[in-house]
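Hi there,

Here is the structure I said I'd pass on. Have a look at it first, and then read my notes below.

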Amino acid sequence: MNHSNLSLPSGCVLRKATSADKWSIRLLVFWAKLDPTQLNWQQFWVIECDAYRGQSLRNLAACGQLRNFSGAQELGSLVVVSAWRGRGLATLLIQHLINTATQPLYLECLGERLAQFYSRFGFVPISFEDLPQFPKISGKSSLKGKFRFSQLAKKLLKVPVVFMEYRGNS
């Protein structure tokens, strides 16, 4: 999918997160009720908007991260502040994270609606069994190990988790 015709709203900039963004990122993820574990500000990209100055969250309108695992990466913790939704920020951030990824890319999301959204970018649903099982190296855990809790919630509690792999756009 070609998103090159999209641009950031005036006064907004996409940038790598800094240590000063750490608590704002945590608050965004908390408010969005996303997985609060493995929030490493060094792995985040943020969209900061001047028009948001004076508000909380240090002017952050959106954030997302590429979590690093052994042999894979996860697109995760994607949040757009409600006042900024519908302006293409998620699309720009997702496309940037896809382009920045250096290893096979995966994500987990709740429900068919989100799965359909991510499919527009070249993600396809896969089973838990199809997730890669790379051995732990250099202190990095495996992606499958991280997703194991979600799989358990899916089986036992019928949580509508969808695992997805990026395969590009044809």
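On disulfides, the count comes to 1. Bear in mind that this is a predicted model. The bond joins Cys 12 to Cys 49, with an S to S distance of 2.0 Å. Cys 12 sits in strand E1 and Cys 49 in strand E2, so the pair ties together parts that are 37 residues apart in sequence. If you look along the S-S bond of Cys 12 and Cys 49, the torsion is about 110°, so this disulfide is right-handed.

How accessible are these cysteines? Cys 12 has 13% relative accessibility and Cys 49 has 0%, and with the cut-off for buried at under 20%, Cys 12 counts as buried and so does Cys 49. Two further cysteines come out buried as well: Cys 63, at 0% relative accessibility, and Cys 109, at 6%.

Now for the sheet. It is an open one of 7 strands, in the order E1-E2-E3-E4-E5-E7-E6, and the pairing is mixed. Strand E1 (12-16) and strand E6 (123-126) are the edge strands, each pairing on one side only. On average, neighbouring strands are turned by 25° against each other, direction ignored.

Helix H2 (residues 89-100) packs on this sheet and touches E1, E2, E3, E4, E5, E6 and E7. The direction of H2 makes about 25° with that of E3 (60-69).

Which elements form a β-α-β unit with E5? They are E4 and H2, and the unit is right-handed. E4 and E5 run parallel and are joined by 2 bridges; Gln 73 has Leu 105 in E5 as its bridge partner. With E7, E5 pairs in the antiparallel sense over 5 bridges, and here Leu 107 stands opposite Met 164 in E7. E5 is also mostly covered, with 5 of its 6 residues buried.

One last stop is the E6 end of the sheet. E6 and strand E7 (residues 161-166) run antiparallel, with 4 bridges joining them.

Cheers

Note on methods
Residues are numbered from 1 along each chain as its sequence is written. This is a predicted model: local features need pLDDT of at least 70, side-chain atom pairs count only at pLDDT 80 or more; totals for chains, interfaces and linings use all residues. Side-chain values use heavy atoms; hydrogens and water are left out. Two strands pair if DSSP finds at least two bridges between them. Axes are lines fitted to C-alpha atoms, for helices over the stretch in contact, and angles run from 0 to 180 degrees between N-to-C directions. Contact means heavy atoms within 4.5 Å. A disulfide is a pair of cysteine sulfur atoms within 2.5 Å. Buried means under 20% relative accessible area, exposed over 50%, partly exposed in between (1.4 Å probe, protein chains only). A crossover is right-handed if, with the strands pointing away from the viewer, the path from the first strand over the helix to the second runs clockwise.
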